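This briefing covers selected local and packing features of one protein model. Please consult the sequence and structure below alongside the text.

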Amino acid sequence: MQIDAAQLDTFAAVIDEGSFDAAARRLQVTPSAVSQRIKALESHLGQVLIQRTKPARSTDAGEALLRLARQVSLLESEAIAAVKGKAEGLRLPIAVNADSLNGWFLPALLAVPTELVTAFDLRQEDQDHSAELLRNGTVLAAVTADPRPVQGCRIRALGKMRYLSTASPEFAERWLTGRPLPEALAVAPMMVFNPKDMLQHRLIRKVTRRRLDPPVHSIPAPGPFVRAIRLGLGWGMIEEEVVEQDLAAGRLVEVAQGKYVDVPLYWQHWKLESAVLTALTTAVLQAAHSGLRTS
């Protein structure tokens, strides 16, 4: 059984763009042509491949096909680049957690030769969930916190990000002083990046050995998240290197002195003989060596 190349490209375009109409604009064909290609592909394979939602999503059956589409696109682009001497139209999808994006990761992209890749397509995802984007074919590589390799992927340890529990002095005076810390943490407003962010809860369990349910503010952007803590909106976990100067100057204080949460990070990418992935992996490992803890 063979898969038509145009149908495979169209399937990936629908998932990437989120709709049949957007995929048609990207491929410069009519929405009717996109619909016909998808119907033909689903009929050929005997499976529904796309959830007709907003945005459109791959079904479980379609995930294997999406992985194939990504791999074929990468290898085709590299073959064309080898013939012409430069990359044309290769966008490399990568999943990275917000704190790595805001810190050590971006310099790695500068070290990848421009003749190998046209553009990077960075998907921000929590490190505890980014491996799922590898499984379903959304990305070719990812920074993850999962030490278990995704099937069909290679994995390399990168190092650790250390997070400290921080608050403004005014917040600490109002919410944390004059009572045992476990009691204070049960009522003190807490910051989270988004519902997937469990760092603060891990610190609470480390300090109290209990599951607490304090008030929670959610701010899904690294800069505003840190600023909100500095302003005293709540306490939260911030990377050690980001708050070192604030702690030294007294602009922030540690909520739980001497307690921290280390997050080991790993680099996972698909097992392809790819010059782009090899160069990117080398650059990521070098950037991590400079920007992450090794012990």
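**Structural briefing**

Ala-33 is found in helix 3; helices (H or I, at least four residues) and strands (E, at least two) are DSSP runs, numbered from the N terminus. The model is predicted: local features need pLDDT of at least 70, side-chain atom pairs count only at pLDDT 80 or more, and totals for chains, interfaces and linings use all residues. Residues are numbered from 1 along each chain as its sequence is written, and side-chain values use heavy atoms, with hydrogens and water left out.

**Nonpolar cores**

- A nonpolar core is a set of buried Ala, Val, Leu, Ile, Met, Phe, Trp, Tyr and Cys residues joined through side-chain atoms within 4.5 Å.
- The largest such core has 59 residues, and those with the most contacts inside it are Leu-92, Trp-104, Phe-105, Leu-158, Trp-235 and Trp-267.
- Helix 13 (residues 275–291) supplies the largest share of this core, 8 residues.
- Another core, of 18 residues, lies apart from it and includes Leu-8, Val-34, Ile-50 and Ala-56.

**Packing of helix 1 and helix 4**

- Helix 1 (residues 5–17) packs with helix 4 (residues 60–84) at an angle of about 105°, and their axes are 9 Å apart.
- Axes are lines fitted to C-alpha atoms, for helices over the stretch in contact, and angles run from 0 to 180 degrees between N-to-C directions.
- The two helices are therefore roughly perpendicular to each other (65 to 115 degrees; under 35 counts as roughly parallel, over 145 as roughly antiparallel and the rest as oblique).

**Backbone features in loops**

- The peptide bond from Lys-54 to Pro-55 is cis, with omega near 0°, and Pro-55 is found in the loop between strand 1 (50–51) and strand 2 (57–58).
- Gln-28, which is not a glycine, has a positive phi of about 60°; Gln-28 is located in the loop between helix 2 (20–27) and helix 3 (31–45).
- With 73% relative accessibility, Gln-28 counts as exposed.
- Arg-209 has a positive phi near 65° and lies in the loop between helix 10 (199–208) and strand 8 (216–218).
- Arg-209 counts as exposed at 71% relative accessibility.

Methods:
Buried means under 20% relative accessible area, exposed over 50%, partly exposed in between (1.4 Å probe, protein chains only).
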